[in-house]
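Please keep the sequence and the structure at hand while reading.

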Amino acid sequence: MALIKCPECDLQVSDKAISCPHCGYPLDAKIAKRQSKKPSKRKRLPNGFGTISELKNKNLRKPFRAMVCVGKNFYGKPIYKSLKPQSSFETYNEAYAALLEYHRNPYDLDSDLTVEQLYEKWTDHYFEALTNPSSVRTVKSAWNYCSSIYNMRAKDLRARHIKGCMEQGIYVVDGEEKHPSPTTKTKIKSLFNLMLDYALEYEIVDKNYARTFKLSDDIIKDIEDEKKDHIDFTDEEIKKLWNHLYDTDYVDVLLIQCYSGWRPQELGLIKVENVDLENWFFSGGMKTDAGKDRLIPIHPKIRDLVKHRYREALSLGSKYLINCTDTKTHRNNKKLTYDKYRHRLEKIIKELDLNQDHRAHDGRVQFATAAKNAGVDEYALKYMMGHKIKDITESTYTRRKPEWLMAEIMKIK
């Protein structure tokens, strides 16, 4: 006689056994079919695995509770603890499967999750439901300012710790310390609101302290003051950008935006396969139905810049037109994101002494302003900007050709 592993519960059984004595799994199908009695509706738990109880007489969506046996008391009776991070299930078999999974890779139920471990568990769950990459970036950006509490036990987290991250959080980028802006402070609070809701649901914490306080009046006032109007670039600034095209990094990307109107995050999503260097068009876009998959002519002034980025992308083996080859922290991720673009724009503004109020969308503002001043057709501008066209005749019944868009963009000098 030899010992083998049961394919269902992974415990050792005799190779002569008709079925597993631990979980009842049939090992010899022919004999089991002949000799077995009517199978039970629920799988029997192996000895010492734990227990599953059904909470009756209650209107619960998940009435089955799974508990793990962690030892015996002085009288030899088993000691049970709730399975973590989830102990309640809709069906018996779901609870059964969870206990089996726990025993395949046991962990200490008494170990206390750190805030960082909680974040990893929550984001694994939360990010799956997000369809907009910018929402993921928002969470990650806010999380960067919370390093001071990464190693705290999640159940020890209190309102003062969350406020500390909002008021005194530090994020180091290229050796430079950054502190949360008023908008980032709201994102930090929102992050903990949602993450601790998750922790509370799975009984990792006893209370969501992020929801015990509101944003202060000072933060709300700072957010209102932070909301500045987007501005275009002056003629002198545009001239300065062209003069420093070859000695200041990423000026070419800013100029591409100024002559095409792409949103900052859209610039990084333009695929090489969607760049037509023969007819001088590129396509892409996001955010709205009107913004997705839109066709934009490549203005003559930026054709050499686009061609250079195109060749660079091919040499890098990248599927995206614009790449961050200067990145240090993410060497394997050269994709241009909104935050990367904003960071590089800030460097350009500082190095070339441009208006300090410029922000990442201002290249798009520059394009719209230049198009208006040049008399570009209103609907052509809406198409290229990715704005919804409310005129039914134009949006539904009119078919515009790419040549028309090219003729309109050529009006911009």
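The model is a predicted one, and its secondary structure comes to 16 helices and 11 strands. Of the 413 residues in the protein, 39% are buried. Among the contacts with a separation of 6 or more, 55% are accounted for by residues 24 or more positions apart.

One of the elements to consider is an open sheet of three strands, which follow the order β9-β10-β11 with antiparallel pairing. The edge strands are β9 and β11, each of which pairs on one side only. Between β9 and β10 the antiparallel pairing extends over two bridges, and D276 has F281 in β10 as its bridge partner. Helix α16 lies across β10 and β11, and runs at about 45° to β11.

The residue ranges of the elements named in this report are collected here.

| Element | Residues |
|---|---|
| Helix α9 | 251-258 |
| Strand β9 | 275-276 |
| Strand β10 | 281-284 |
| Strand β11 | 294-297 |
| Helix α14 | 378-385 |
| Helix α16 | 402-409 |

Helix α16 also packs with helix α14, at an angle of about 100° and with the two axes 10 Å apart. Because angles of 65 to 115 degrees count as roughly perpendicular, α14 is described as roughly perpendicular to α16. On the α14 side the residues that meet the partner helix are Y379, A380, Y383 and M384, while α16 contributes W404, L405, E408 and I409. Sorted by class, this contact of α14 with α16 has seven nonpolar residues, no polar residues and one charged residue.

For L267, which is 10 residues away along the chain, the C-alpha atom is separated from that of Q257 by 7.6 Å. With Y341 the contact includes a polar one, in which the side chain of Q257 and the side chain of Y341 are 2.5 Å apart.

Notes
Residues numbered from 1 in each chain as written. Predicted model: local features only at pLDDT ≥ 70, side-chain atom pairs only at ≥ 80, totals over all residues. Heavy atoms only, no water. Helix = DSSP H or I, 4+ residues; strand = E, 2+ residues; numbered from the N terminus. Polar contact = N/O pair within 3.5 Å; in protein donor to acceptor, adjacent residues only side chain to side chain. Axes fitted to C-alpha atoms, helices over the stretch in contact; angles between N-to-C directions. Parallel < 35°, antiparallel > 145°, perpendicular 65-115°, else oblique. Contact = heavy atoms within 4.5 Å. Nonpolar A, V, L, I, M, F, W, Y, C, P; charged D, E, K, R; others polar. Pairing = 2+ DSSP bridges. Buried < 20%, exposed > 50% of the residue type's maximum accessible area, 1.4 Å probe, protein only.
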